Amino acid sequence: MTWKTYTDPAKKISFELPGDWIAQSVTAQAGSLPGALKVEVKDGGGRYIATLQTGLPPAGPISCPAGQSHPYVVISSVPLDVPHSDGPDTIDPRVVFRVIQGYKFFGSYGITNMVAGADGHACELRNRVQGPAGKGDYSFGDVTAVHAFAADEKVAPAKTFDTLDMAAKYVAHDSEFANVQRMLLSLKVNL
């Protein structure tokens, strides 16, 4: 498979993607910092894969009332060298695939440097990196956060699995995940 590199006009970000995938700049999210970028990635068939966003306002703490958290599992976690800020609830940046358990197993891939939860339980798993001071946060993944969806809630583009084993097989054997992981790991950020 042939790969190509997407770079924004201001050369703030770049990443590799399969040759038949499409990276398209779209209007940044309302409330983003000046100069923020938003790039949507779709596969060769036009199916949504991921969104890269920069200049996101810093995220506040996750509200997680007692008894509202759900079990989660980190299925894949690979170090990523990108600019970030450290804080009490941060880790070194990673490309992750995590699953949170609700009435099904809800999975999501993305980049993060935020601690997900405590003792294997969380209310929300954020695919977000706390950017350097004054630069805003940024995200690259299928959703900016995944939680245990309600039965009547729209799940897509997060992934849904009937079992944890099916989620693990997606990470281990699915070519889509292999391509997504390579794309996320290729991210270069010049804030």
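Select β7 and β8 to begin, for these two strands form a hairpin with 3 residues between them. Strands here are DSSP runs of E with at least two residues, helices are runs of H or I with at least four residues, and both are numbered from the N terminus. The model is predicted, and local features need pLDDT of at least 70, side-chain atom pairs count only at pLDDT 80 or more, while totals for chains, interfaces and linings use all residues. Residues are numbered from 1 along each chain as its sequence is written, and side-chain values use heavy atoms, with hydrogens and water left out.

**The hairpin and its neighbour**

Colour residues 105–114, which make up β8, and follow the 9 bridges that join this strand to β7 in the antiparallel sense; two strands count as paired if DSSP finds at least two bridges between them. Within this pairing, Arg 98 has Ser 108 in β8 as its bridge partner.

**The loop between β6 and β7**

Pro 83 is found in the loop between β6 and β7. With a relative accessible area of 26%, Pro 83 is partly exposed, where buried means under 20%, exposed over 50%, and partly exposed in between (1.4 Å probe, protein chains only). Show its contacts, meaning heavy atoms within 4.5 Å: leaving aside neighbours within four places in sequence, Pro 83 touches Val 129, Pro 132, Tyr 138 and Val 189.

Now display β1, β2 and β14, which form an open sheet of 3 strands in the order β1-β2-β14, with antiparallel pairing. β1 (3–7) and β14 (188–189) stand at the edges with a single partner strand each, so one side of each has no neighbour in the sheet. Between β1 and β2 (residues 13–18) there are 5 bridges, and Lys 4 has Leu 17 in β2 as its bridge partner. In the loop between β1 and β2, select Lys 11, which has a positive phi of about 60 degrees although it is not a glycine, and which is exposed, with a relative accessible area of 58%.

**The nonpolar cores**

A nonpolar core is a set of buried Ala, Val, Leu, Ile, Met, Phe, Trp, Tyr and Cys residues joined through side-chain atoms within 4.5 Å. The largest has 33 residues, and those with the most contacts inside it include Phe 15, Phe 97 and Tyr 109. Helix α2 (residues 175–185) gives the most to this core, with 4 residues. Apart from it lies another core, of 11 residues, among them Phe 106, Val 143, Phe 149 and Ala 158.

**Around β13**

Which strand holds Lys 159? Lys 159 has its place in β13 (residues 159–161), and at 17% relative accessibility this residue counts as buried. Not counting residues up to four places away in sequence, the contacts of Lys 159 include Phe 97, Asp 142 and Glu 176. Step back to Pro 157, in the loop between β12 (145–146) and β13, where a cis peptide bond joins Ala 156 and Pro 157, with omega about 10 degrees.

**A last stop**

Finish at Asp 119, in the loop between β8 and β9 (121–122). At 77% relative accessibility, Asp 119 counts as exposed, and its phi is positive, about 55 degrees, although it is not a glycine.
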